[in-house]
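Welcome! Take a slow look around the model below, and then we will walk through some of its features together.

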Amino acid sequence: MDFIVADLQGQRAVSTLADFFHRQAGEALGSSVDDWVFTLRNENLIVFSDPGGPTAMRVASRLNAVGNYRTRLKEDAGRIDLSLLAEDLPPIIVDDIIGSLQIDIEGENTSHSLLQYLRRWRRMLIIGQPGSGKSVALREIAAHCAIHPEAPAPLPVTLPRLLKQQPERLTIDGIIDSVTSDTVSSMERASLAEYLTDELVNGRAIILCDGLDECGARAPWVAQQLAKILAALHPKCGFVLATRANAQIPAARLGLPRVELTSPKDLSATVDRILVACADARFSEPNRTAWLATRRAWIKDAKKHHEHLLAVPLLAILLALICANASDAELPKGRAALLHRAVEQSVARWEQIRGTLDPDRPWSPALTTSMLIRGFIVLGRLLDGGATPTREKALESLSEMLKDPKHWDMSPAAATEVAEHVLRFWDEYVAVFVVNSAEELTTRSKVFTEIATAMWAKGCEPEELRGWLAKSLKYTDSDGAIALAAGLDPRMTEVLLEVGSTPLPEATLMVADLAARDIVKLSDSEMDWSLRELADRVVASLEGAPPAKRGPSSPPARFPTLWDETRAAGPWPFVEAACLLALPPALRSQRANIIRSAELDGSAEAIATALCELTDARTDAAQLSSSGIAAIAEALAIPLPLDSEMVQKGRRRFELVSGGHLKPGLDQVALAAAKYLSELADDQGERLFEIAKHAPGRIAEQIFAELARAGFDTSRRWGSLSRRMRDWASNMMDDRAKLLSDLMSLGGPHSESKNENLWSLSDMGNLLTATGYSESAASEIDRAFIHDTSAIRRAWLDAIADAYGINKAEVAAQARHLQQKIGAESLLDEWLVAGTAPLAKPVLSPHMERRLSVDQQLTLLACLEADSSWIAWSAANVLANFEEGVPWDSRDLFRKDMSRWSRPRAGLFYAIAILTAGDQRLPLLAQAACSDSADYRYAAGMVISVASNLDPDGSVMQALRRDVDLSVRPEGAHQTLPAPTHWSCNDCRAVNAIDVEDCPGCDDGVRPRS
């Protein structure tokens, strides 16, 4: 043994193995040389490695190679290399990227965890936009599999590189060679290849293929080759293919379930890690803390106003670097300046590193940064207003730009070539204007078309600018672009005021709004001009001038009024605009004249006065005066509307009754006053809190945020909901713990599961699916653990597992693994994996009557009277498929009194009685269909819905569709003529007139939906 282990530790090695063999014998388990070597290594005994030596040394060599391979993949987890963007920054690590990745599944309304579904399915086709993180997702999957002890061995493959290595034929051996050559030394490749081959043969590996779309014209051939490889794999082997939508047609040849990788919702954590890395590399304390605090505050403000930037990975990183590379004085102050800087920086950074980018796809030498900037404007203008031009149209427009003698005067051939590269830059590299699977150009966010339009407007002549504004102001579509243009170009203010003097007062209101939001800074003369126009509009409104309709040029078909932004009639919008302007003292008398001339009622005048006091205090950077505090108190004392409430009009019918609306402008008073809370009376915080509850959503959130910053407790706005959610979560945790114990009872005390099954939890998940766990109401699951005994639950699970051919020992082992080895903080994640719907639902075993014992069959029959409908319905799904004789008399079941049960449960019982009656099924069905009891007729409908062969001519179903009792009629037949004459209660069976909605005979019964 001293020749096998280092440091003459042979005696210790023998003792260690003896103990191991003794434990194995006690549990009647076998082992291999791999297990022996692994046991020695766990005891810190170094086993000599030699790929050509004795078995133990070869095993040690393989374990070393595998360990180094896994370490190499683990090191990539969360790693972001910034060296190409900032030379002095080391790579940063962002925690749990894999946990944040989300996918959309066809037919589902919400996004789901990528890892959760991958673990359950093991195979998928991931479609994603450029920049959505497909390559990062595959890298993070590989790292997760390298870290997770139960995960399959990952084989990450870059398809363009594999294609280069194997241009004639793609093979498994070629994939293994590609993987090993990228990750371990030449000495370890053979050992690693042996390991990976073994894992693939035994279904313990997952192949991760990236970049099908980058294979160009050969993508269909590559997909066909991959399909052949996939067909030859062990059925438990995982396989993931990631590609852009433009290659999804060839990718479909693999027959993988398709999911779409959602774009990151928020890259704030990544941005913060970049800032920390910059601070660590460039500053020491105390400068580091101050520098970091300033930039975190700036990023927080940027996120509030430009959240779309933090959803595009490259722009989010550039946002952090813009922030990091600027001095405090140079940080972009406005939204327009920030967006403009981000666009320019994306181009500038590309120019710096273009020589280091993928040599297989070089950029045209003729391509310049100015072409890219101009191309951004051209593409954004094409998309303005929600248009989706074709890729061909986009290239045509870019070519025209490049051929224009005023710009580059290129030949048609050169322009066509360079146009492809301009589109590729904004489509693939920055990924803000993306070509979709239909070959249409789309925008990742409207904000990118708006900044493109703003950049275009900056280069317009004044007359062209006036024409664009006069046309755009009629609708709200261009409000964002106008605001951005105003932030980029000081001329916009003057042009807007000129347009406002025409019959377009919205232009003047927009100037006032932009000034109030600090997007533009008005000169004294521009303020004077604005006040004069506002005064004129007040007079016109008093004379009856109606407000112009404003909204999107193409409002949505559903709820179009929600998009109507027509200002209120009367003078108030103009008065409020004047009150919010940051005026110098010399112009405040003009504002007072506007308020006096507006003929406001007492409440409106109080609100206007309070707004003026608050605006002036902010403008003068002064505390509130005593008169200002009194004016604010008077405005805040204005009566509030009643709280809106949900009024129950029936047992299942509710109506939201509005309590009315805030007095116009009071929400703005509350928002401004919240910033001066420390100067107001002690009870005003509560008043502002109450006003916020009635304010529009966006303003309400701002008021709550200001109150929280001032130290006012706003948490109670969610108090009751949070408490209910905690109670619900606690109940669910208790139910899961009991269910795990029930599942563990299906196997022996020492049952073990294979590692790959512990990663996917496939057997336990299949049993949960077979019981209908995910589709069942939480209340019914709860009832199973409150009212039904553990004995009936465990016997039910045992019978269901055998009916579907599910390995009970594996189920028990997987449940034991979750209960004993998974921490409470991770248990929900594991449970969600098990609860994820499988690719193929479990199928009932043929001839279940032979597979299930008599006791198991009787258990399932008893489950029909379980308190929980979750248990009853899953048992019925099995019983309904019995084909031969059963150990009960179905006619006795048919005659049983089930009146104490609800009709759906009574009907279920009678339906099973009919379906298991063998040659008596037809007579019992006929008897049920003609019965005077609605319960039996209801059961007849249930029987035909699962066994239509029992009603070959459809006569029974036709009779049920015309039943006089609405409660008996199957879904979709409630309006069938002749009309029903009554409905009977599913709970108490009382017969009610058809126009009665709630059953008077009990507390819960309601008329079926018609």
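## Charges over rings

A charge counts as sitting over a ring when NZ of Lys or CZ of Arg is within 6 Å of the ring centre and within 35 degrees of the ring normal. Keep in mind that this is a predicted model. In it, R381 places its charged end over the ring of W456, 4.0 Å from the centre of that ring. You can find another case at W221: R218 lies over its face, 4.2 Å from the ring centre.

## The chain as a whole

Now zoom out. The chain has 1010 residues, and buried residues make up 49% of them. Its secondary structure comes to 46 helices and 15 strands. Along the principal axes, the C-alpha atoms fill a box of roughly 95 × 85 × 60 Å.

## Rings that meet rings

A pair of aromatic rings is described by the distance of the centres and the angle of the planes. In this chain, the count of aromatic pairs comes to 22. One of these is the pair of Y910 and Y936, which is stacked, with 4.2 Å from centre to centre and 20 degrees between the planes. Y910 belongs to helix α43 (residues 903–915) and Y936 to helix α45 (residues 934–946), so the pair ties together parts that are 26 residues apart in sequence. Are these two residues, Y910 and Y936, buried or exposed? Both Y910 and Y936 are buried.

Aromatic residues can also be found in a group here. W350, W363, F376, F425, W426, Y429 and F433 form one aromatic cluster.

## A helix to follow

Next, find helix α36, which covers residues 790–803. How far does this helix of 14 residues reach from its first C-alpha to its last? Helix α36 reaches 20 Å, close to the 20 Å expected at 1.5 Å a residue.

Several residues of α36 are buried, among them R793, W796, L797, I800 and D802. An α-helix has 3.6 residues a turn, so residues three or four places apart point the same way. Just after α36 comes G805, which takes a positive phi of about 70 degrees.

W563 is placed in the loop between α24 (524–542) and α25 (572–580). With a relative accessible area of 45%, W563 is partly exposed.

Methods:
Residues are numbered from 1 along each chain as its sequence is written. This is a predicted model: local features need pLDDT of at least 70, side-chain atom pairs count only at pLDDT 80 or more; totals for chains, interfaces and linings use all residues. Side-chain values use heavy atoms; hydrogens and water are left out. Helices (H or I, at least four residues) and strands (E, at least two) are DSSP runs, numbered from the N terminus. The expected span of a helix is 1.5 Å times one less than its number of residues. Buried means under 20% relative accessible area, exposed over 50%, partly exposed in between (1.4 Å probe, protein chains only). Rings of Phe, Tyr and Trp (its six-membered ring) pair if their centres lie within 6.5 Å; planes under 30 degrees apart count as stacked, over 60 as edge-to-face and the rest as tilted.
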